[in-house]
Amino acid sequence: METKTLVGVFIVLLIVVGGLAYIAGKKAAPPATTAPPATTAPPATTAPPETTPPPMEVKNPDKLIVATIGEPETLDPAWAYDTASGEVIFNIYETLIFFDRDKVDQFIPIIAEQVPSVENGLIRDNGTTIVFPIRSGIKFHSGRELTPEDVEYSLERVLVMDRDGGPSWMLLDPLLGVETTRDSDGNLIVTWEQIDQAVEVEGNNVVLHLAKPYPITVLFQILSQTWSSIVDKQCAIEHGAWPGTPETWQDYNNPEVPPLQEADCGSGPFMLDRWEHGKQVVLKRFDDYWRGPANFSEFIIMKVDEWATRKLMFLKGDVDMAYVPAQHMKEIEGAEGIRVYKNLPTVSNAAVFFTFEVDPNSPYIGSGKLDGNGIPPDFFSDINLRKAFAYSFDFDRYIEEAWFGEAARTPGPIPQGLPGYDPNLPMYEFNLTKAEEYFKKAWDGQVWEKGFYFELLYNVGNVQRKTAAEMIKENVESLNPKFKIYVRGVEWPEYLKAMVRRQLPMFIIGWLADYPDPYNFVFPYMHSSGTFAAWQGYSNPHVDELVEELITTSDQNRRIEICRELTQIYYEEVPSFIIYQPLGRHYERTWVHGWYYNPIYPGVYAYPLWKG
């Protein structure tokens with residue numbers, strides 16, 4: 001699966017603009033201390049922190065209120081690719097299957113009656129035919145009963161829509177064998193027949209026909225997330241979405257705006273009551289929900305960008321959960337009536353990247369020559385330089401200063417907690433003696449003799465990125481007075497534009513998982529068509545072969561072998577180096593119960609929660 005460059009753009013956008021609100025806001029799974037209501041999922045196995053809160057009056061007992069930053073882009077599941085939108089969508093809509101509480105590789109049936117497997121006969125033809133029997137008696141918020149035709153329409157609409165920078169590639173890849181419906185000129189490269197044959201209704205079953213063998217766990221992770229939500233076909237058409245007809249599908253490909261921007265065509269435990277832009281999204285309980293009504297009459301997600309206001313609301317108990325920035329966490333720790341969960345591994349990371357061939361017209365490479373006043377466009381094509389910079393980074397100090405110690409180091413792109421992660425593989429350590437050794441080797445000694453100048457950018461407001469850039473400057477410049485790096489803060493659009501255009505000799509950026517599988521990390525970091533590798537101009541044919549094998553084999557042992565080999569190559573070739581995997585926190589009032597941590601959730605899943 002080759003992630004389109006624009007797909008990667010949206011991923012890094014949500015990390016910078018909205019995703020960190022939820023990276024910091026998703027936490028570990030406590031079992032309830034009292035018996036949960038019948039509608040609540042079984043308690044998780046992770047023990048909660050020891051808390052003995054004093055008795056206190058529960059505020060707003062019939063409402064769950066969350067205070068965070070930012071707001072959704074859209075409520076259209078086939079368009080949404082940010083966590084703020086996802087948080088609302090996965091409370092309004094449902095999918096065929098869903099994650100089994102805190103587990104990212106085990107699933108429960110939701111709209112489907114069973115999770116397909118080889119053993120129950122619902123996975124056939126060497127894994128290329130997947131059968132989902134559809135549960136009867138599920139009602140949409142409109143009052144209509146959900147049918148297999150709604151499921152077929154919903155999944156086909158994702159394939160048909162395929163908007164630039166959207167999530168459709170994740171279904172296009174297994175079902176059609178392509179990552180986009182269009183070529184680089186915008187011409188359609190798939191047919192209606194391909195779309196129609198990929199998703200079919202057979203009696204009460206919906207059958208997926210895969211274009212190629214595909215790891216089933218990865219497919220199920222994709223089907224468990226918001227872009228695979230099942231929509232009320234009639235409701236969607238009434239709001240201007242694709243009418244479901246073969247002759248019109250091309251007209252609805254790559255739309256300019258989301259057809260279901262503020263529509264509610266779902267069947268989930270909550271319905272959209274109102275979206276007050278810039279203020280809050282209010283969801284109300286759906287009393288006809290097939291698993292039984294939720295414990296709250298309303299679920300409110302408030303946009304409170306100012307920390308002082310958000311903090312006061314949280315301390316007073318006016319909100320039940322709140323996003324707490326890392327730099328302010330000491331202000332909340334130990335506060336009466338607030339429970340904190342710490343050290344929760346996220347499915348995200350960040351790295352320092354080298355551009356192998358910078359745009360010669362880049363304004364950030366000085367003279368464009370190795371003359372002490374600039375660098376040549378291919379400056380970082382020399383592996384000695386890449387190693388020298390890796391050894392110049394003080395990883396432990398950075399994690400302490402930028403993340404207050406709440407981040408982890410990893411040998412390569414695969415985060416802790418995913419299959420294929422191996423903590424015993426080598427990784428770079430801070431060693432200025434080794435850095436000097438490699439600087440003296442670079443460019444046959446010319447780098448050490450002549451020196452260099454270039455600019456290292458960060459996006460304004462990103463304290464962690466600024467800290468990393470300034471640390472690189474400080475350590476590298478300490479080795480040789482001829483080494484000069486100018487650290488410049490720019491607005492995010494300028495940073496992103498320069499990065500995509502290969503104008504940045506080095507750049508610092510993060511990746512938030514689309515789904516929790518190692519392929520979703522090694523592809524953007526290492527495959528020549530991957531988001532970051534493409535921006536860098538990094539290419540290794542053997543690496544490409546390994547990455548492509550990773551997504552086509554279901555042999556778990558072979559997948560782990562591939563991951564280890566890729567991590568070793570990543571260390572040896574240093575196309576980039578990982579500087580952190582953040583550890584998240586979750587903050588809630590002690591009267592909230594039933595919360596559990598799933599690192600792939602886009603936000604708070606309200607259905608299992610209650611207050612008391």
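## A walk through a predicted structure

Leaving aside neighbours within four places in sequence, Ser576 is in contact with Ala351, Val352, Phe353, Phe354, Tyr525, Gln536 and Tyr570. Keep in mind, as you look around, that this is a predicted model. You can find Ser576 in strand E18, which covers residues 576-589. Is Ser576 buried or exposed? With a relative accessible area of 1%, Ser576 is buried, because anything under 20% counts as buried.

Now let us turn to a pair of helices. Two packed helices are described by the angle between their axes and the distance between the axes. Here, helix H3 spans residues 148-161 and helix H4 spans residues 169-176, and their axes come within 9 Å and cross at roughly 105 degrees. That angle makes H3 roughly perpendicular to H4, because angles from 65 to 115 degrees are given that name. Which residues make the contact? From H3 come Leu155, Val158 and Leu159, while H4 brings Leu171, Leu172, Leu175 and Leu176. Sorted by class, this contact of H3 with H4 has seven nonpolar residues, with no polar and no charged ones. A general point about helices is handy here: an α-helix has 3.6 residues a turn, so residues three or four places apart point the same way.

How many of its eight residues are buried? The count is eight of eight, and H4 is described as mostly covered. Those buried residues are Trp169, Met170, Leu171, Leu172, Asp173, Pro174, Leu175 and Leu176.

Next, look for aromatic rings. A pair of aromatic rings is described by the distance of the centres and the angle of the planes. If centres within 6.5 Å make a pair, the count in this model comes to 54 aromatic pairs. Take Phe389 and Phe452: their ring centres are 6.2 Å apart and their planes are at 45 degrees, so this pair is tilted. Phe389 lies in helix H9 (residues 383-391) and Phe452 in strand E15 (residues 452-459), so the pair ties together parts that are 63 residues apart in sequence. Both partners are away from the surface by the accessibility rule: Phe389 is buried, with a relative accessible area of 1%, and Phe452 is buried too, with a value of 0%.

A second pair is formed by Tyr596 and Tyr601, whose ring centres lie 5.9 Å apart. What do we call a pair with planes at 65 degrees? The pair is edge-to-face, because that name goes to planes over 60 degrees apart. Tyr596 and Tyr601 are both buried.

To finish, visit two asparagines. Phi of Asn254 is near 55 degrees, a positive value in a residue other than glycine. You will find Asn254 in the loop between helix H7 (233-238) and strand E8 (270-276). Asn343 also has a positive phi, near 55 degrees, and is likewise a residue other than glycine. Asn343, however, is placed in strand E12 (residues 338-345). How do they stand on accessibility? Asn254 counts as partly exposed, at 25% relative accessibility, and Asn343 also counts as partly exposed, at 48%.

Methods: Residues numbered from 1 in each chain as written. Predicted model: local features only at pLDDT ≥ 70, side-chain atom pairs only at ≥ 80, totals over all residues. Heavy atoms only, no water. Axes fitted to C-alpha atoms, helices over the stretch in contact; angles between N-to-C directions. Helix = DSSP H or I, 4+ residues; strand = E, 2+ residues; numbered from the N terminus. Parallel < 35°, antiparallel > 145°, perpendicular 65-115°, else oblique. Contact = heavy atoms within 4.5 Å. Nonpolar A, V, L, I, M, F, W, Y, C, P; charged D, E, K, R; others polar. Buried < 20%, exposed > 50% of the residue type's maximum accessible area, 1.4 Å probe, protein only. Phe/Tyr/Trp six-rings, centres within 6.5 Å; stacked < 30°, edge-to-face > 60°.
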